[in-house]
Amino acid sequence: MRRPGTVDAARWSLLGVAVLTVVSGLLGVVLLDDVRRAYISAYGGMRGGDEATGAAIAGVLAAVVIAVVCAVPALLLGRPRNWARVVAWAICVAGAGCLSPGLLGGGSVTSPRLVDRGAASDEIAAAMEVAMPGWYGPLTVVLAGASVAGVAAAGLLLALPASNAYFRRTPAPVS
């Protein structure tokens, strides 16, 4: 059976989300000097620079994991295997829940975290607002919005009748 366009669109949507998460994670590395400056200011010393570097590394690693989690099912959807569609749906639901805080500006790797010692989250947020370029906040919201839209679109596309027919198990011919 020929793969319908709805399944192809869902695959491309999930692959797009994978790319967007890597771009978001790399923003923390590209802007590491600004992030370090903000954390050093909030912590009042070099310990903040170490925290910022750790946050950037963790963000890139998380982005790569999310990218793999989105890309592998997208590739597996190329065959009419219903279990791959179920896995993709689960990833879409989890992705919408996990990526949606970014719509409020809190989903970036450089966002302030609750820390056990040192600077409070609001101190880090204030320092980040001063140190980061003006385009950074709106860009992270756009990336998060596009990612949430991507996982939502993929989930909906996989639920359409054309997709259902593709993933439906065909009975073996009786001879």
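I began at Val64 and found this residue in helix α3. The model is predicted, and I kept that in mind throughout.

**Entry 1**

Is Val64 buried, partly exposed or exposed? Its relative accessibility is 42%, so Val64 counts as partly exposed. Next I looked up the surroundings of Val64. Val64 belongs to a nonpolar surface patch with Val68, Val72, Leu76, Trp83 and Val87. Together these residues have about 500 Å² of accessible area.

Which helices supply the patch? I noted α3 (47–76) and α4 (82–99), each with at least two residues in it. The top contributor is α3, which gives four residues.

**Entry 1: helix α3**

I checked the length of α3 against its residue count. The helix has 30 residues, so at 1.5 Å a residue it should span 44 Å. I read 44 Å between its end C-alpha atoms, which agrees.

Then I turned to the buried residues of α3. Among them are Gly48, Gly49, Ala52, Ala55, Ala56 and Gly59. Further along α3, I listed Ala63, Ala67, Cys70, Ala71, Pro73 and Ala74 as buried. What do the buried residues of α3 pack against? They pack against α1 (5–30), α2 (32–43) and α4.

**Entry 2: Ala94**

I stayed with α4 and picked Ala94, which sits in that helix. Ala94 has a relative accessible area of 40%, so I logged it as partly exposed.

**Entry 3: aromatic rings**

How many aromatic pairs does the count give? I got one aromatic pair. The ring centres of Tyr166 and Phe167 lie 5.0 Å apart, with the planes at 75 degrees, so the pair is edge-to-face. The cut-off for that label is over 60 degrees. Tyr166 and Phe167 are both buried.

**Entry 4: the whole chain**

I ended with totals. The chain has seven helices and zero strands. Along the sequence I read the pattern α-α-α-α-α-α-α. Of the 175 residues, 39% are buried. I took contacts with a separation of 6 or more, and 79% of them join residues 24 or more positions apart. The accessible surface of the chain is about 9,600 Å². Carbon and sulfur atoms account for 68% of that surface.

Conventions:
Residues are numbered from 1 along each chain as its sequence is written. This is a predicted model: local features need pLDDT of at least 70, side-chain atom pairs count only at pLDDT 80 or more; totals for chains, interfaces and linings use all residues. Side-chain values use heavy atoms; hydrogens and water are left out. Patches are made of residues with over 30% relative accessible area and no salt bridge: like charges are joined within 9 Å, nonpolar side chains (Val, Leu, Ile, Met, Phe, Trp, Tyr) within 5 Å. Accessible areas come from the Shrake-Rupley method with a 1.4 Å probe; for residues, only the protein chains shown count as cover. A salt bridge is a side-chain nitrogen of Lys or Arg within 4 Å of a carboxyl oxygen of Asp or Glu. Buried means under 20% relative accessible area, exposed over 50%, partly exposed in between (1.4 Å probe, protein chains only). Rings of Phe, Tyr and Trp (its six-membered ring) pair if their centres lie within 6.5 Å; planes under 30 degrees apart count as stacked, over 60 as edge-to-face and the rest as tilted. The expected span of a helix is 1.5 Å times one less than its number of residues. Contact means heavy atoms within 4.5 Å.
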